[in-house]
Amino acid sequence: MNQSDFEAVGGARPERAGAPQATLGLGENVRATFDVDLDADGRFCASRLTLTENRLIAPGPDGLARAWALDAAWALRHHDHAGVGTLELLHEGRRIARWRFTLAVNVAALRFVRSFEQLIAEQRGAAQPALDPAVCGSCGAALPPDSEDCATCARELHTPPSTWVLLRLWRFAHPYRMQLLAGFLLTLAATGATLVPPYLTIPLMDEVLIPFQNGQAIDPWKVVGLLSGLLGAAVAAWGLGWARTWLLAIVSERIGADLRTTTFEHLLGLSLDYFGGKRTGDLMARIGSETDRICVFLSLHALDFATDVLMIGMTALILFSINPWLALVTLTPLPVIAWLIHLVRDRLRTGFEKIDRVWGEVTNVLADTIPGIRVVKAFAQESREARRFKDANRVNLQVNDKLNRTWSLFTPTVSLLTEIGLLVVWAFGVWLVSRNEITVGVLTAFIAYIGRFYGRLDSMSRIVSVTQKAAAGAKRIFDILDHVSNVPDPVNPVPTTGLKGGIQMRGIGFRYGNRSILRGLDLDIRPGEMIGLVGHSGSGKSTLVNLICRFYDVTDGSIRVDGTDLRQFAVSDYRRHIGLVLQEPFLFFGTIAENIAYGKPGASRQEIVAAARAAHAHEFILRLPQGYDSLVGERGQGLSGGERQRISIARALLVDPRILILDEATSAVDTETEREIQRALDNLVQGRTTIAIAHRLSTLRKADRLVVMDRGEVVEVGNHDELMAARGAYWRLYEAQARRVDGDADAVVDARVAERLAVTPTGHPGTQQALGLSEP
């Protein structure tokens, strides 16, 4: 800690540094501690602040601990900026000491401030202050008072999926309830038809075959009748089974399509902070493979499960109607199988969700590498990316192997139990036949029914696996559907017709997770005015335009457009009045015309060409092989940066926005391309409220006013000449940039001189004069 971070004040006395116990008085108790991880210069350095019942103890710059006796005149202020937090110890408003830390320990810092304020409140005899709770950086939810873990994120990441989550799919099945009812009735009829043949074996054995062995004649009509019944039951079961399978497959495909569409539409409605904490590959896997898995479950396995339940139930009724004691023996393996299913199900559902997350990591590698293939090849990192994929794939293999060990033991165990049950039925049945309590025909029918019973029981045990897979997939889908946007639509939105573009900001503040980005910002922008936002990186410029676009909502204060709070407009209606030109323009795979008309899909070809002309893009578009119908590769592959930017400007021109946002629109192009883009921007800004961000200050000369930002606050407002005359923050930025430009120019001149010296004979009499290094 530097000496500049400490100032002498009454009540502070040096003590030997070390553990808190070394400086504690007799009977003095520690109320809170905070481990600081940076020094005053921002270097990593560990130290500890200790708060006791009447003192604050901290290590000093000279290796000795310092302690301040606390009373009602002391305060501890917390703030953060650009990823670094600060605690300031104040005495009657004067700063006495300061400590810096990373935001990794920000939650602990907030708890320490809470304890400090509670202590001061107790000394004043006032009520303990209520401190704003810390919030999660991923989802924005409030953190528990004594935990750094977000309950919302923990539930999504660590809560095992329950099979009951599958019942929530009824929301998507409800529109098809009549088709599902028809499918259930067909299943019931088909199951009944499959139970007829074993029952017909009883008269076939007892009234035809056994009497024939005892010398009686066979009644041909009875045989024909019984065989006809067997054939009819088989044909009926086939026809009903086909109708059931076709109907339910059609319904399940529609349920899956509705699930995919609803999930994607909900995903599009979520705010940007949700996407900031998610990986592209994971979201793609959820909407793609998870919905496919649910669709397969609904079309095949759910149908099999329903058939199995009906078959087991109806078979049990028939068995008890034939012989109750033999039926009870048949049910002997059921408790053991039920216990095994319960035991394995819990392991399977957690295992399958882990497999889904690991598979999401595999797709994340693909989603990172394929779009960035140019960077991968430019830095010759193909082998590195291949290793990344191999490592992710290996983890996926290990997780699957662990689950397969459980599953491979469970399935044969169930089969063994059913075989043992069948053996017990045979033994008990033979004993009953020997006592003439049942006939051979009854035992034969029983064995046939038991084969169906145990077969369906074994099938149900196998369905446990796919059911848990579907439950894991459904949980990951509903994690998206249950997420509420942080930028909600109002219940009664105000119409946006006649929007002029005047913007008023009053005391706005914004926090992203635990980071404070903007605080107490006030600014008025008149309709049609061009505002330039300038400032160092991290000063809050992009955050401010994100709030104006309502990609996020302000934490404090309000933003009003034409006198109406931004949050009272419907999000989609309001954004139709905004044009956005980014530093890195994003183009979709499709034609040039489709990209220009993205914000106005119904635009005519004449409107598209007019927008391209105004953006100075018409000439280079005509030089393409198919002109406006030329295909643009993914993310604009095949076009230069300047060409992509001018298409982006044409896209903004076509929607005719009232508010225009230019975010470093010319920073990534050469000087000649910048002139072309600047001419296009001159057409774009006319008659519109324009907010332009630029580090290259010369590009903002035409702005009506310049707004200088620093650490989330507006520090200066005025035009170029006024701000240069004030010799404040803008003047320092401008001078620093001018010196950098002059240095670059001098470097170019030196390089040219060196080049000419290298190719000119230095002994020639005209050398110095030719290079301009001496007078003629």
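Is aspartate 562 buried, partly exposed or exposed? Aspartate 562 is partly exposed, with a relative accessible area of 30%; buried means under 20% relative accessible area, exposed over 50%, and partly exposed in between (1.4 Å probe, protein chains only).

1. Basis of the note. This is a predicted model, in which local features need pLDDT of at least 70 and side-chain atom pairs count only at pLDDT 80 or more, while totals for chains, interfaces and linings use all residues. Residues are numbered from 1 along each chain as its sequence is written, and side-chain values use heavy atoms, with hydrogens and water left out.

2. Positive phi at aspartate 562. The phi angle of aspartate 562 is near 55 degrees, a positive value in a residue other than glycine. Most residues other than glycine have a negative phi. Aspartate 562 is placed in the loop between strand S12 (556–561) and strand S13 (564–565). Helices (H or I, at least four residues) and strands (E, at least two) are DSSP runs, numbered from the N terminus.

3. Positive phi at arginine 727. Arginine 727 also has a positive phi, near 50 degrees. The loop between helix H21 (720–726) and helix H22 (729–759) holds arginine 727, which is exposed at 52% relative accessibility. The charged end of arginine 727 sits over the ring of tryptophan 731, 4.1 Å from its centre. For this feature, NZ of Lys or CZ of Arg must be within 6 Å of the ring centre and within 35 degrees of the ring normal. Arginine 168 likewise has its charged end over a ring, that of phenylalanine 478, at 4.2 Å from the centre.

4. Salt bridges. The structure holds 19 salt bridges, each a side-chain nitrogen of Lys or Arg within 4 Å of a carboxyl oxygen of Asp or Glu. One of them joins arginine 567 to aspartate 565, with the closest N and O atoms 3.2 Å apart. Arginine 567 is partly exposed at 31% relative accessible area, whereas aspartate 565 is buried at 10%. Within it, glutamate 88 and arginine 95 have their closest N and O atoms 3.6 Å apart. Glutamate 88 is buried, at 6% relative accessibility, and arginine 95 is partly exposed, at 29%. A further salt bridge links glutamate 529 with arginine 526 (2.9 Å, N to O); glutamate 529 is buried, with a relative accessible area of 3%.

5. Cysteines. How many disulfides does a search of the whole structure find? It finds zero, a disulfide being a pair of cysteine sulfur atoms within 2.5 Å. Cysteine 45 is partly exposed, with a relative accessible area of 35%, whereas cysteine 549 is buried at 2%.

6. Nonpolar cores. The largest nonpolar core has 43 residues, and those with the most contacts inside it are Ile596, Tyr628 and Leu684. A nonpolar core is a set of buried Ala, Val, Leu, Ile, Met, Phe, Trp, Tyr and Cys residues joined through side-chain atoms within 4.5 Å. Helix H19 (residues 641–654) gives the most to this core, with six residues. Leaving aside neighbours within four places in sequence, isoleucine 596 has contacts (heavy atoms within 4.5 Å) that include Ile608, Tyr628, Ile647 and Leu654. Another core lies apart from the largest one; it has 37 residues, among them Ile202, Val344, Leu348 and Phe410.

7. Aromatic pairs. There are nine aromatic pairs in the structure. Rings of Phe, Tyr and Trp (its six-membered ring) pair if their centres lie within 6.5 Å; planes under 30 degrees apart count as stacked, over 60 as edge-to-face and the rest as tilted. Phenylalanine 510 and tyrosine 552 form a tilted pair, 5.5 Å centre to centre with 55 degrees between the planes. This pair links distant parts of the chain, 42 residues apart: phenylalanine 510 is in strand S9 (residues 503–512), and tyrosine 552 is in the loop between helix H14 (541–548) and S12. Phenylalanine 510 is buried at 7% relative accessibility, and tyrosine 552 is buried at 17%. Phenylalanine 569 and tyrosine 574 form a stacked pair, at 5.9 Å centre to centre and 0 degrees between the planes; both residues are buried. Phe34, Phe101 and Phe112 form one aromatic cluster.
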